[in-house]
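My entries follow in the order I made them.

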Amino acid sequence: MKSFPVTEYVNRLRYEIDKIIDDYSITSIDSIYIGGGTPGLLSIKDYEYILKPLLELTFNDNNEFTIEINPSSSDYNYIKNLKPLGINRISLGAQSFNNNILKCLGRPHNVSDIYLAIDNIKKATINNISIDLMYGLPQQDLIDWNYTLQETLSLDIKHISAYGLKIEPDTPFNKKYSPEHSHIPDDEAQALMFLEAHKVLNINNFNHYEISNYSKAGFECKHNLNYWLNKPYLGVGLAAHSFINNQRIENSSDISVYLNNKN
């Protein structure tokens, strides 16, 4: 299996950012969101190079600059060095507080890694933290889901995303856990988990502001709201989407095509 061409990809991202700034005469930014895949795999030097043209623009008041990271790649020094790049919000892909379920998902982290990641993020004085959770997972029941919600609340974070499991066809996960698999919660069980999240999070002053997203007052994700309100946005990178001038644009999901496209 060929390794991912990191250097070529970083160079292509920088080229695309430079071109977009020039093509659309961009002078200011409201929000940046680094997500999709595993952004924490890139080095700080990679990000310094990629983001340089963006950091030379004007950031509007109350700007939001988010990066998604996994608990297994949440080293304190790495997180600390994200802050000088302007990153002021971190979305942590926790998914569950049950080690057996994390193993079923093939996640590279365990529950202890989640707690350590939160400590490291707060120690780096990035206080706008979101946690991604999932329900409808293999071996998960309502009691376990409630435990995951309660553990998340104990961490004193500002934003929670709760997504129902969606199994894509023709994937290794689908072969292992087909929808009719006895260890996958059925539709009724998943509906109860959704309602449990709604009840528990609302009691704890989290506003359900978008289908899968809950936040404390004033901590709604500006980037999420931009999509939700059908406002324009520009995406860069493999399989990225943009919505500009009432047109939707999609980058190729084929790495070879993406790297060789200089349009």
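Which residue forms a salt bridge with Asp18, and how far apart are the closest N and O atoms? I found Arg14 as the partner of Asp18, with the closest N and O atoms 3.1 Å apart. I counted a salt bridge where a side-chain nitrogen of Lys or Arg is within 4 Å of a carboxyl oxygen of Asp or Glu.

I note the source before going on: this is a predicted model, in which local features need pLDDT of at least 70 and side-chain atom pairs count only at pLDDT 80 or more, while totals for chains, interfaces and linings use all residues. Residues are numbered from 1 along each chain as its sequence is written, and side-chain values use heavy atoms, with hydrogens and water left out.

**Salt bridges**

I get four salt bridges by this rule. Asp18 and Arg14 both sit in helix α1 (residues 6-23), four residues apart, about one turn of the helix. Helices here are DSSP runs of H or I with at least four residues, strands are runs of E with at least two, and both are numbered from the N terminus. I then looked up accessibility, where buried is under 20% relative accessible area, exposed is over 50% and partly exposed is in between (1.4 Å probe, protein chains only). Arg14 is buried at 15%, whereas Asp18 is partly exposed at 33%.

Lys19 and Asp23 are about one helical turn apart because four residues separate them in helix α1. Lys19 is partly exposed at 27% relative accessibility, and Asp23 is partly exposed at 44%.

Glu56 pairs with Lys52 in a salt bridge, with 2.7 Å between the closest N and O atoms. Glu56 is exposed, at 56% relative accessible area, and Lys52 is partly exposed, at 43%.

**Helices α6 and α8**

How do α6 and α8 pack, in angle and axis distance? I read an angle of about 30° between α6 (residues 142-153) and α8 (residues 187-203), with the axes 10 Å apart. Therefore α6 is roughly parallel to α8. The axes are lines fitted to C-alpha atoms over the stretch in contact, and angles run from 0 to 180 degrees between N-to-C directions. Roughly parallel is under 35 degrees, roughly antiparallel over 145, roughly perpendicular 65 to 115, and the rest oblique.

From α6, the contact (heavy atoms within 4.5 Å) uses Leu142, Trp145, Asn146, Leu149, Gln150 and Leu153. From α8, I listed Leu192, Met193, Glu196, Ala197, Val200 and Leu201. By class, this contact has nine nonpolar, two polar and one charged residues. Nonpolar covers Ala, Val, Leu, Ile, Met, Phe, Trp, Tyr, Cys and Pro, charged covers Asp, Glu, Lys and Arg, and polar covers the others, Gly among them.

I also checked Ala189, which lies in helix α8. Ala189 is partly exposed at 24% relative accessibility.

**Positive phi**

Thr125 has phi near 60°, a positive value in a residue other than glycine. I place Thr125 in the loop between α5 (111-123) and β4 (128-135), and Thr125 is partly exposed at 44%.

Asn245, also not a glycine, has a positive phi near 55°. Asn245 lies in the loop between β8 (241-244) and β9 (247-250) and counts as exposed at 61% relative accessibility.
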